Amino acid sequence: MIELSLKKSLSGAEGKIALAISCQIQPGELVGLYGPSGAGKSSVLRMIAGLMRPDEGELRVGEETWISTEKKLFLRPEKRNIGMIFQEYSIFPNMTVYENLVFALDKGQDKGFVDELLVSIGMEKMAGQFPMKLSGGQKQRVALARAMVRKPKILLLDEPLSALDMEMRRSLQEYIVKFHHEYGLTTLLVSHDASEITRMAQRVLVLENGQFSFDGKPEAFFKT
Ligand SMILES: Nc1ncnc2c1ncn2[C@@H]1O[C@H](COP(=O)(O)OP(=O)(O)OP(=O)(O)O)[C@@H](O)[C@H]1O
């Protein structure tokens, strides 16, 4: 279970936001994170990943404490077993698909898992291609596989589909849901797309004015 209670003062073009959020996420949940632009959705993911420090609060994952400002505890990002995908394609252009995946392996980790992932994303025949030759959807499939190489238990997705056309978007949605089930993940998906969240997630957290203003079934929120 992920249990978080975090505070962070954010400041941007539209002024200050006092982010003060708390929630519990059960293992195996696929949760959508929705809210207006600039509400702090990416910041929530970044704090979970260890890429941003909260001003105050606690983050517990299973038996581990990843953040406790009270105990002055902050687990480094590389120690957190997390996979992450962003909107922008984050694969290395100078490496083939295969090399991109192998590069993400832990020291001493078996390369066999890379072959399994290539099959899972339907790209085993494209292992020798460079990203330049791939479509946006294929690049994001590689990014998804790369995020999975170290067998994370948590997958954080920051609008990974928003640069894709509808057909590729649908296809990648299916890959994400498949991976979520196949690898027993707990997944958090930031998206601006109500239909995407409704299709993929069992639960949506709506971030507004620094707080979760809704926590429940996507159908219940988006029908209003
Ligand atoms: N390290 C930081 N410290 C303080 N404020 C920050 C920091 N990083 C980002 N911000 C500000 O926090 C606010 C929320 O940004 P964030 O990217 O988390 O929102 P978002 O909901 O993901 O937005 P979008 O939907 O447009 O991607 C912005 O005003 C941003 O400038």
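**Core packing and ligand shell**

Biologist: Which residues does Phe179 touch, leaving out those up to four places away in sequence?

Modeller: In this predicted model, Phe179 touches Leu117, Ser120, Ile121, Leu144, Ala145, Met148, Gly184 and Leu185, with residues up to four places away in sequence not counted.

Biologist: And which residues of the largest nonpolar core touch the most other members?

Modeller: That core has 39 residues, and Phe179 is among those touching the most other members, together with Leu101, Leu117, Val142, Leu144 and Tyr183.

Biologist: Which elements each supply at least two residues of it?

Modeller: They are the helices α2 (97-103), α3 (112-120), α4 (136-148), α5 (166-182) and α6 (194-200), along with the strands β8 (154-158) and β10 (203-208). The largest share, six residues, comes from α4.

Biologist: What does the second core include?

Modeller: The second core is separate and has 30 residues, including Leu10, Ile25, Val44 and Ile67.

Biologist: Turning to the ligand, how many residues surround it, and which are the closest?

Modeller: The ligand is surrounded by 15 residues, of which Ser37, Gly38, Lys41, Ser42 and Ser43 are the closest.

Biologist: Which part of Ser42 lies 2.8 Å from a ligand oxygen, backbone or side chain?

Modeller: For Ser42 it is a backbone N or O atom. Ser43 instead places a polar side-chain atom 2.6 Å from a ligand oxygen, and a side-chain N or O atom of His192 is 3.3 Å from one.

Biologist: How much of the ligand's accessible area does the protein cover?

Modeller: The protein covers 66% of the 650 Å² that the ligand has on its own.

Biologist: Which element gives the most to the shell?

Modeller: β1 does, with four residues. By class, the shell has four nonpolar, nine polar and two charged residues.

Key. Residues are numbered from 1 along each chain as its sequence is written. This is a predicted model: local features need pLDDT of at least 70, side-chain atom pairs count only at pLDDT 80 or more; totals for chains, interfaces and linings use all residues. Side-chain values use heavy atoms; hydrogens and water are left out. A nonpolar core is a set of buried Ala, Val, Leu, Ile, Met, Phe, Trp, Tyr and Cys residues joined through side-chain atoms within 4.5 Å. Buried means under 20% relative accessible area, exposed over 50%, partly exposed in between (1.4 Å probe, protein chains only). Contact means heavy atoms within 4.5 Å. A residue is near a molecule or strand if one of its heavy atoms lies within 4 Å of it. A polar contact is a pair of N or O atoms within 3.5 Å; within protein, one must be able to donate a hydrogen and the other to accept it, and residues adjacent in sequence count only if both atoms are side-chain atoms. Accessible areas come from the Shrake-Rupley method with a 1.4 Å probe; for residues, only the protein chains shown count as cover. Ala, Val, Leu, Ile, Met, Phe, Trp, Tyr, Cys and Pro count as nonpolar, Asp, Glu, Lys and Arg as charged, and the others, Gly among them, as polar.
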